[in-house]
Amino acid sequence: MTFMPDWLAPWLEGLIAFLLVTGGIFAVIGALGLLRFRDFFQRLHGPAKNSTLGVGCTLLASMLFFWLQTGDHSGRELLITLFLMITTPVSAHLLTMTGMHHRLRRTERTQGEPYELGSERDR
Amino acid sequence: MKRLLPMPLLSLLLFAIWMGLTALTPGNALLALVLALLIPILIRRFWEPQPTVHRPLKLLVYVIVLLWDIIIANLEVSRLILARRREPQPAFVLYPLSLTEPFPITILASTISLTPGTISAHLRIHDGTLLIHALDIEDTQALIDQIRRRYEQPLKEIFQC
């Protein structure tokens, strides 16, 4: 730790702690979404979105921490973020398609009647 | 140029990934360069032809807008989860695509899945529409307009298609 002024270190540690806590909170809220929502398609939204920011915050904290601790600035975490951003939409898309294929029940409030869910009106 | 570098985006991605996974040394950079040039040439025949990026700067702006929107998306979905009183108003929305190339459509569909309360559910390629599931939406037309203005138009300009 020679390249950094002394007053900066506590602030960076605070930032790391903040990122870790924020990431954790977002992950928990995403999981709560599974309990809260009424049908399969709604429940997909929680994990598909909140895990992105939850994991993103945690990875950023990890990057800062190792940079501070060992001077390692490889940025491997950025790659994980990139892979996550590529794979999350694909898995969400596949899950939705599977759900529609099985004609899963949806809440009555849902607008729109796609023929993928067996509606005749939209043919 | 076209023969030597058939897929510039893929080459760039391969280079970045190799450099990220290994240490930053000149030797690794050379190896990354060789791999980034060689792999696309070897696997080119298996791929659909890729449209070229005409406006790299716009692509950068697009990525920044996307990152910002992901943060907003998280906050909005979190708020909805925590607001116990309010029942969300979900909807299936049919989005008429004006893009035709497979690759930009893939990017658009991924973008929609990553941003506020929407997941791309099914691509009806035969009639050029994209079925979207929205978590909490009143006005479906407003959603369609927003997606067109914020994501599809920039993508069209980036790929010039």
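Before anything else I settled what counts as a helix here: a DSSP run of H or I with at least four residues, while a strand is a run of E with at least two, both numbered from the N terminus. I also noted that I'm working with a predicted model.

**Entry: chain A, the outline**

I started with chain A and counted three helices and zero strands. Reading along the sequence, I get α-α-α. Chain A has 123 residues, and 27% of them count as buried. I then took the contacts in chain A between residues at least 6 apart in sequence, and 56% of these join residues at least 24 apart.

**Entry: what the record says about chain A**

I checked UniProt next. Its unreviewed entry lists residues 15-35, 47-68 and 80-100 of chain A under "transmembrane region". I looked at two of those spans in the model. Residues 15-35 of chain A are 100% helix and 0% strand, with end C-alpha atoms 31 Å apart. Residues 80-100 of chain A also came out as 100% helix and 0% strand, and there the end C-alpha atoms lie 30 Å apart.

**Entry: α1 of chain A**

I wanted to see how far α1(A) reaches. It has 29 residues and runs 42 Å from its first C-alpha to its last, close to the 42 Å expected at 1.5 Å a residue. Which residues of α1(A) are buried? I found Leu19(A), Gly23(A), Phe26(A), Ile29(A), Gly30(A) and Gly33(A). These buried residues pack against α2 of chain A and also against α3 of chain B.

**Entry: chain B, the outline**

From the N terminus on, they go α-α-α-β-α-β-β-α. I asked how chain B compares with a compact globule of 161 residues: such a globule would have a radius of gyration near 15 Å, but chain B has 19 Å. Its C-alpha trace spans about 60 × 40 × 25 Å along the principal axes. Of the 161 residues in chain B, 30% are buried. Among its contacts between residues at least 6 apart in sequence, 69% join residues at least 24 apart.

**Entry: what the record says about chain B**

Back to UniProt. For chain B, the unreviewed entry gives residues 29-47 and 59-82 as "transmembrane region". In the model, residues 29-47 of chain B are 79% helix and 0% strand, with 26 Å between the end C-alpha atoms. Residues 59-82 of chain B are 100% helix and 0% strand, and their end C-alpha atoms lie 34 Å apart.

**Entry: where the chains meet**

**Entry: the core**

Then I went looking for the largest nonpolar core, which has 38 residues. Those with the most contacts inside it are Val93(B), Ile119(B), Ile132(B) and Ala134(B). The largest share of this core comes from α2(A), with six residues.

**Entry: α4 of chain B**

I checked the length of α4(B), residues 102-114. Its 13 residues should span 18 Å at 1.5 Å a residue, and the end C-alpha atoms are 18 Å apart, so the two agree. The buried residues of α4(B) include Ile107(B), Leu108(B) and Leu114(B). The buried residues of α4(B) pack against α2 and α3 of chain A, and against α3, β2, β3 and α5 of chain B.

**Entry: one residue, Thr140(B)**

I ended on Thr140(B), which sits in helix α5 of chain B. Is Thr140(B) buried, exposed or partly exposed? It has 17 other C-beta atoms within 10 Å, so it counts as partly exposed; being buried would take 20 or more. Leaving out residues up to four places away in sequence, Thr140(B) touches Gln111(A), Ala91(B) and Val93(B). I also looked at Tyr95(B): it is 45 residues from Thr140(B) in sequence, with 9.5 Å between their C-alpha atoms.

Definitions and conventions
Residues numbered from 1 in each chain as written. Chains lettered and ligands numbered in written order. Predicted model: local features only at pLDDT ≥ 70, side-chain atom pairs only at ≥ 80, totals over all residues. Rg over C-alpha atoms; globule rule 2.2 N^0.38 Å. Buried ≥ 20, exposed ≤ 12 C-beta atoms within 10 Å, placed from the backbone. Contact = placed C-beta atoms within 7 Å. UniProt positions renumbered as here; feature names shortened; annotations may be inferred. Core = buried A, V, L, I, M, F, W, Y, C linked by C-beta atoms within 7 Å. Expected span 1.5 Å × (residues − 1).
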